[in-house]
Amino acid sequence: MNKILIVAEHHDGKLNPATARCVSCAQRIGGDIEVLVLAATPDAVAQAAAALDGVTRVRSVAHPANVHALAAVLAPQVVAAAAGFTHVLAPSTTFGKDLMPRVAALLGVAQVSDLMQVEDAQRFVRPIYAGNALITVQAPGGQTVVATVRTASWPEARAGATPAPIENLVLEVALPTHTRFVALESGKSDRPDLQSASRVVSGGRALGSAENFKLIYALADTLGAAVGASRAAVDAGYVPSDMQVGQTGKIIAPALYLAIGISGAIQHLTGIKDAGTIVAINKDAEAPIFEIADFGLVGDLFKLVPELQQALG
Amino acid sequence: MKILVGYKRVVDYNVRIQVKPDGSGVISDGVKLSPNPFDEIALEEALRLREHGVASEVVIVGIGPADLQAHLRNGLAMGANRAIHVSTSDVVQPLSAARVLLKLVEKEQPGLVILGKQAIDDDSNQTGQMLAALWGRPQATFASKLGIADGKATVVREVDAGLETLEVDLPAVVTTDLRLNEPRFIKLPDIMKAKSKPIEVIELAALGIVSGDHLRTTHYAPPPRRGKGVMVKDVAELVAALKTRGLV
């Protein structure tokens, strides 16, 4: 019988929806599904995790050292909590990508990155080469399977009928002090979160300036959408790095994705190909973005975007 | 301070890789190979630290077959002092790569290890974190800014929520994100100079690394293709199409 431990991702006392996507993945593997909450004050997060359908138990660890998610501090706790589990999962977000290889190495096992599909409890599909190939990998038997879950491949688990029990856990683990949190600079925004939004509007290099990006924000606000960007737009300094969509940025799967002035490098396309409907607006009719767009419109974005906003407003 | 830099050779980022029709692998014959872009950023950062007097020596490490030496010469031409070639014809997965790097860390005693956050071939994003774990040292992944002072590194990290700053005691492992720096171009005289720089060759087996705990790849497949969409002539037609799908 599989016993699956999911490491909860949370921020400001809220459970990140990426955790609920890991629960869906765990349900596909099958077995007991427990969620590990490591926090300074874990109660609210633990309750949110306990409410998810499919979760059999939540293990809640309150420790002041867990006030910030430092991989070096969390990893030994995950390893201690993982005893007896067959699988340890976390979302393939910057949180999970930072933490889980450290967990895997402490356990002396390989890690499956960006788990997209479950073949059986040991065999999984994951992308390589910016998603241009999908490989089936077999984890060695008799070892804990450590994986990060590609969130765009899995739906969020819904709320269950009755909440799972929450067990407070005290881990006797020495925690390092060599890594210290200093600050988090976060662009506070009332817009939906890029990684979980059902609609996303992204802008590319063709916007030409940070100032012009307000066209993208305005359209996004009309749609109630999150805002993303291509690497070129981030590199040019039009928008902050946390808005980058693509191979090395965020991999997203909104119901509707609008790519505005984005040519569509393969590294960008890999971040959006699970989107429900892709719309591209670009002045270059030959831009590769049109190869994967469901609806393409060739023309000047500075004319078309305000027009579109007005039509939708 | 000595800096150890991982310098992997990968399929060039402009190549759109094709899966073999029988699913046994990807077509690699005649495909252009280049240094992993994140590793070039790692090397650039190490060179800048040396130029600013923070580091005294930059050592690059490559793991791969005999013909990896030409690739390592690139890194030497960019400015590394010397190279270590861990020679093997096996494909080395992240856990083994981390074990190799740990052996070299024990031998070289660097104050800092800088690796790319991921290699753009297997996209694993694991080796730096694994090395830090095995070494029992701090990690600062996805770095977009790095400062070194008083035996500590202050690192700005690109995380989903924004930019996070960490302070870590040295020695430590830093992995690079895209915006840490822009790597320099290699100049012709540097290519000549690089020819006389040393490359130490170490057989993988001589490091005592046993790789029995690997993921076994059983099948390769091309990704599902999205159906070809339609071109609309104007905004009105686009909005009508989105309404038909119930999206707006």
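This report covers the interface between chain A and chain B in a predicted model.

## Basis

Local features need pLDDT of at least 70, side-chain atom pairs count only at pLDDT 80 or more, and totals for chains, interfaces and linings use all residues. Residues are numbered from 1 along each chain as its sequence is written, chains are lettered from A and ligands numbered from 1 in the order written, and side-chain values use heavy atoms, without hydrogens and water.

## Extent

Chain B puts 74 residues in contact with 83 residues of chain A (heavy atoms within 4.5 Å). The buried area is about 6800 Å², with 55% from carbon and sulfur atoms. Buried area is the accessible area (1.4 Å probe) that two parts lose on being put together, summed over both. In chain B, Asp160(B), Leu215(B) and Arg226(B) lose the most area to chain A, together 12% of what that side buries.

The interface holds 6 salt bridges (a side-chain nitrogen of Lys or Arg within 4 Å of a carboxyl oxygen of Asp or Glu). One salt bridge pairs Asp294(A) with Arg245(B), with the closest N and O atoms 3.8 Å apart.

## Strand pairing

Strand 10 (residues 133-138) of chain A runs antiparallel to strand 12 of chain B, joined by 5 bridges. Strands are DSSP runs (E, at least two residues), numbered from the N terminus. Two strands pair if DSSP finds at least two bridges between them. Leu134(A) stands opposite Ala221(B) of strand 12 in chain B.

Note on methods
Helices (H or I, at least four residues) and strands (E, at least two) are DSSP runs, numbered from the N terminus.
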